[in-house]
Amino acid sequence: MKFFHTADWHLGKLIQNVYMTEDQQYILEQFMRDIETERPDAVVIAGDLYDRAVPPTDAVGLLDRTLQRIVLELATPVIAISGNHDSPSRLNFGSGLMKAAGLHMAGEFDPSSGPVVLRDAYGPVHFHLVPFADPAAVRLALRDETIRTYDGAMAAIAERIRGAMDPAARHVLVGHAFVTPRGEAEPNTSDSERPLSIGGTEHVSAGHFRGFHYTALGHLHQAHFVGSETVRYAGSPLKYSISEERHQKGYLIVELDGEGGASVEKRVLVPRRDMRTVTGYIEEIERQTPSEDYIYVRLLDEQAVLSPMERVRSVFPNAMHVERELAMQQVAASAEEGTAPGGKAGMDMLTLFRAFYLEAKGGEASEETERLFLAALRDIENEEDERHVAGTADDDGVRAV
């Protein structure tokens, strides 16, 4: 059986006030052409179809047209789950009606739902859909009070699935989670991935997926395998932050043989516009070859540059961000000083403000401007203190702020 593994479409994504819908449509058209050429038995989407729970109208229309093309016109089943960016109830609506057409959408976690069963010449392949759900939701659904973390939730879900597995079938788990080899933190993330929790409790051990012939994951935007070559992230089809600059975006083609052995091929998609960094002095940048790419500029000029974004956009009209390397070094140094014992928070904030003002305005802040900033900072601190006092504790002894 051959299926395409993709994830993290993030339709409706907004980057630096630029909606990526046209770029997403461009990349999905490539994806659909590959479906038409390769004729997979299914397409698996491992969560984060949308970028937010209430997506913009254009994003809803794009998903509708894409699924209609894949499921109805290309007659290819789609197996999809919700991710942490999606609204589970929105994606779940009408899922029962759509199954007959070949769209299998799991928006909400439901332990009573069985696998999606597809067949090839060797027999059945069971796709077990595990949409994103926080530990409290899984604890309630499974009636297991011991579930307190994402790792514990996935362990309980996987164990429940294994207990009901048909030994004659091949099994694929589709999930959306932050999976690491041993359930510990690792640096394989990007700035566009929303944290699932605070303090490391979001991590899930790859060991929970033993017994599955392949695990199709979503959430992390770089394609890679975790612990085993059959536990894989497809990554996002587009770059969604400059931290993903070096990623090779695309999807995975997975083939299961009659014994359940999985072979995986990475297929690269070519974006309408690349996202990349350009570093140099402003006069050098102005002499570069014009490009429509999404550009993040790092200026090496030591002196302030007048109207830097306007000058950059004369060459790179889709430039998203301009920063001065020297100013960023000053901000970083100020941040480090702010963490030193005995540091004065007000002075640290003033140093950061001066660096920001220099970067934004191209000149030094006046004494009057600095005085106004410090006065505003004091007002904010006083308001926070008042809210803290007002919400010290409620009747149950739980802090309200």
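Visitor: At what angle do the axes of helix α1 and helix α2 cross, and within what distance do they come?

Guide: Two packed helices are described by the angle between their axes and the distance between the axes. In this predicted model, the axes of α1 (residues 21-38) and α2 (residues 57-73) cross at roughly 5° and come within 11 Å.

Visitor: Are α1 and α2 roughly parallel or roughly antiparallel?

Guide: Angles under 35 degrees count as roughly parallel. The two helices, α1 and α2, are therefore roughly parallel to each other.

Visitor: Which residues make the contact?

Guide: From α1 come T21, Q24, Q25, L28, F31, M32, I35 and E36. From α2 come D58, L62, R65, T66, R69 and I70. By class, the contact of α1 with α2 has six nonpolar, four polar and four charged residues.

Visitor: Now the core. Which residues of the largest nonpolar core touch the most other members?

Guide: In soluble globular proteins, nonpolar side chains tend to be buried together. Here the largest nonpolar core has 35 residues, and L11, F31, V43, I45 and V78 touch the most other members.

Visitor: Which elements give two or more residues to this core?

Guide: Two helices are on the list, α1 and α2. The strands are β4 (42-46), β5 (78-81), β6 (103-106), β15 (250-256) and β18 (294-299). Helix α2 gives the most to this core, with six residues.

Visitor: What does F31 touch, not counting residues up to four places away in sequence?

Guide: F31 touches F4, T6, W9, V43, I70, Y251 and L269.

Visitor: How does T277 compare? Where is its place?

Guide: T277 is in strand β17 (residues 275-280). It counts as partly exposed because its relative accessibility is 23%; the cut-off for buried is under 20%. Beyond its neighbours within four places in sequence, T277 is in contact with I242, E245, Y296 and R298. The C-alpha atoms of T277 and Y294 are separated by 8.6 Å, and the two residues are 17 apart along the chain.

Visitor: Next, backbone angles. What is the phi of D8?

Guide: Most residues other than glycine have a negative phi. D8 has a positive phi of about 55° although it is not a glycine. D8 lies in the loop between β1 (2-6) and β2 (14-15). With a relative accessible area of 0%, D8 is buried.

Visitor: What about the phi of H10?

Guide: The phi of H10 is also positive, near 55°, and H10 is a residue other than glycine. H10 sits in the loop between β1 and β2. At 1% relative accessibility, H10 counts as buried.

Visitor: Last, the whole protein. How many helices and strands does it have?

Guide: The protein has 11 helices and 19 strands. Buried residues make up 47% of its 401 residues. Among contacts with a separation of 6 or more, residues 24 or more positions apart account for 66%. The protein exposes about 20,300 Å², and carbon and sulfur atoms supply 50% of it.

Conventions: Residues numbered from 1 in each chain as written. Predicted model: local features only at pLDDT ≥ 70, side-chain atom pairs only at ≥ 80, totals over all residues. Heavy atoms only, no water. Axes fitted to C-alpha atoms, helices over the stretch in contact; angles between N-to-C directions. Helix = DSSP H or I, 4+ residues; strand = E, 2+ residues; numbered from the N terminus. Parallel < 35°, antiparallel > 145°, perpendicular 65-115°, else oblique. Contact = heavy atoms within 4.5 Å. Nonpolar A, V, L, I, M, F, W, Y, C, P; charged D, E, K, R; others polar. Core = buried A, V, L, I, M, F, W, Y, C linked by side-chain atoms within 4.5 Å. Buried < 20%, exposed > 50% of the residue type's maximum accessible area, 1.4 Å probe, protein only. Areas by Shrake-Rupley, 256 points an atom, 1.4 Å probe, with all protein chains shown as cover.
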